[in-house]
Amino acid sequence: MNIKSRFSISDQIFFAQKLSLLLNSNISLAESLNIIKSIDNSNNHKNFYEKLINDGEHGISLSKSIVDSKVKFDSLLIVLIKNGEYSGSLVDSLNQVANNLDKRNELNKKLISTLIYPLFILFATIGMALFLILYIFPKILPLLSSLNIKLPLITIIIKFIYEFSISYGLYTCLILVLSFICIVFLIKKNKYIKNRFHYILLKIPMLGLYIKINTLATISGTGEIILSSGRSLSEFHAFSRDSVNNLIFKNTFESIYYQSIQGISFTNSMKLYPDIFVKMMVDMCAIGEKTGNLALMLGHCSKIFEQDIDLFLKRFSSLIEPVLMIFMGLIVGSIALSIILPVYEITNHLSK
């Protein structure tokens with residue numbers, strides 16, 4: 001069956017919530033999927049549900065059927081459904097999936113709302129700069145060329161930018177777009193380049209911190225669920241490896257997984273990666289392993305990380321706005337000076 005479909009985060013939350021509700025009402029999995037298929041208005045989604053129903057009739061698990069469908073679902077959803085099938089608590093796992101995805105959806109909305117104003121200022125600055133360089137600045141160029149006056153350095157720079165934009169602007173934009181497409185393609189297809197790209201992302205000051213906190217929040221929350229359901233620590237590491245998208249974290253949990261098989265504690269493994277795991281998480285997990293309450297401690301870590309994310313977004317918003325205003329003032333002010341200073345020189349030249 002050829003399935004071409006895309007499930008947004010909202011679609012995945014809908015799927016998990018409705019399936020959990022129906023299964024909790026003692027309706028079979030096949031019947032539940034049929035009901036969801038009937039109330040889902042997307043024809044592409046109906047093909048996906050038909051595959052799940054057919055696979056279920058042939059004894060294929062729900063998690064494997066979702067993976068085999070090639071429809072892109074959040075890796076956390078697959079991991080928690082697989083855990084629910086193993087522990088016999090699929091309904092609880094689906095509820096946990098819905099809650100986790102709902103939190104992530106709310107976080108994405110907060111992130112977007114935080115970035116809207118800075119992006120507006122950035123694009124407004126670029127638009128204003130282009131307007132001044134390409135429309136206002138050329139008005140005085142003939143006059144500057146006709147008079148024998150020494151141009152200020154900033155005017156020479158803006159003049160060069162204007163002439164370059166007129167001669168090579170279109171080609172430059174085309175090259176940049178093609179370069180961007182090639183880079184995205186290489187990142188997707190080449191594992192080494194993708195690994196380096198993910199490493200660079202973690203090293204970018206503000207972005208790297210956000211990625212780290214967000215990933216650790218997801219891992220901690222997943223760990224609480226998985227360990228509370230009776231799974232082993234090595235299975236938690238395997239699930240963590242499969243649920244993260246950043247290759248640095250994925251490779252880290254791959255190593256920790258093999259270390260756990262060899263009997264190395266989670267705390268000692270985390271200490272080997274100080275750039276990945278924050279000290280608070282290491283200390284709390286050390287207490288959890290000593291007291292036998294690692295799942296509980298991971299749950300506390302998850303809540304702390306979620307609070308840190310909210311605080312991070314508030315601080316980012318309060319810091320980026322004045323920085324952007326200064327940036328806007330410097331760019332627009334520089335272009336304005338490149339126009340005003342020659343006019344001042346012309347006035348002085350004519351007065352003499």
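**View 1. Cys173 and Cys182.** The sulfur of Cys173 lies 16 Å from the closest cysteine sulfur, that of Cys182, which is too far for a bond. A disulfide is a pair of cysteine sulfur atoms within 2.5 Å. A search of the whole structure finds zero disulfides. Cys173 is partly exposed, at 48% relative accessible area, and Cys182 is partly exposed at 47%. Here buried means under 20% relative accessible area, exposed means over 50%, and partly exposed lies in between (1.4 Å probe, protein chains only). This is a predicted model, in which local features need pLDDT of at least 70, side-chain atom pairs count only at pLDDT 80 or more, and totals for chains, interfaces and linings use all residues. Residues are numbered from 1 along each chain as its sequence is written, and side-chain values use heavy atoms, with hydrogens and water left out.

View 2. A pair of aromatic rings is described by the distance of the centres and the angle of the planes. Rings of Phe, Tyr and Trp (its six-membered ring) pair if their centres lie within 6.5 Å; planes under 30 degrees apart count as stacked, over 60 as edge-to-face and the rest as tilted. The count by this rule is 15 aromatic pairs. One of them joins Phe131 and Tyr135, which are stacked at 5.3 Å centre to centre with 25° between the planes. Both residues belong to helix 6 (residues 90–146), where a spacing of four residues separates them by about one helical turn. Helices (H or I, at least four residues) and strands (E, at least two) are DSSP runs, numbered from the N terminus. Phe131 is partly exposed at 42% relative accessibility, as is Tyr135 at 46%. The charged end of Lys139 sits over the ring of Tyr135, 4.8 Å from its centre. A charge sits over a ring if NZ of Lys or CZ of Arg is within 6 Å of the ring centre and within 35 degrees of the ring normal.

**View 3. Asn26 in a loop.** Asn26 is found in the loop between helix 1 and helix 2 (29–39). Asn26 is not a glycine, yet its phi is positive, about 65°. With a relative accessible area of 77%, Asn26 is exposed.

**View 4. The largest pocket.** This pocket has a volume of about 1,700 Å³. Of the 40 residues that line the largest pocket, Lys72, Asp74, Arg104, Asn245 and Asn246 are the closest to its centre. On a 1 Å grid over the protein atoms alone, a cavity is a set of points where a 1.4 Å probe fits but cannot get out, and a pocket is an open set with protein on both sides within 12 Å along at least five of seven lines; lining residues have an atom within 4 Å of a point. Grid points are joined across faces, edges and corners, and a volume is the space filled by probe spheres set on the points. Helix 9 gives the largest share of the lining, seven residues. By class, the lining has 20 nonpolar, 11 polar and nine charged residues. Ala, Val, Leu, Ile, Met, Phe, Trp, Tyr, Cys and Pro count as nonpolar, Asp, Glu, Lys and Arg as charged, and the others, Gly among them, as polar.
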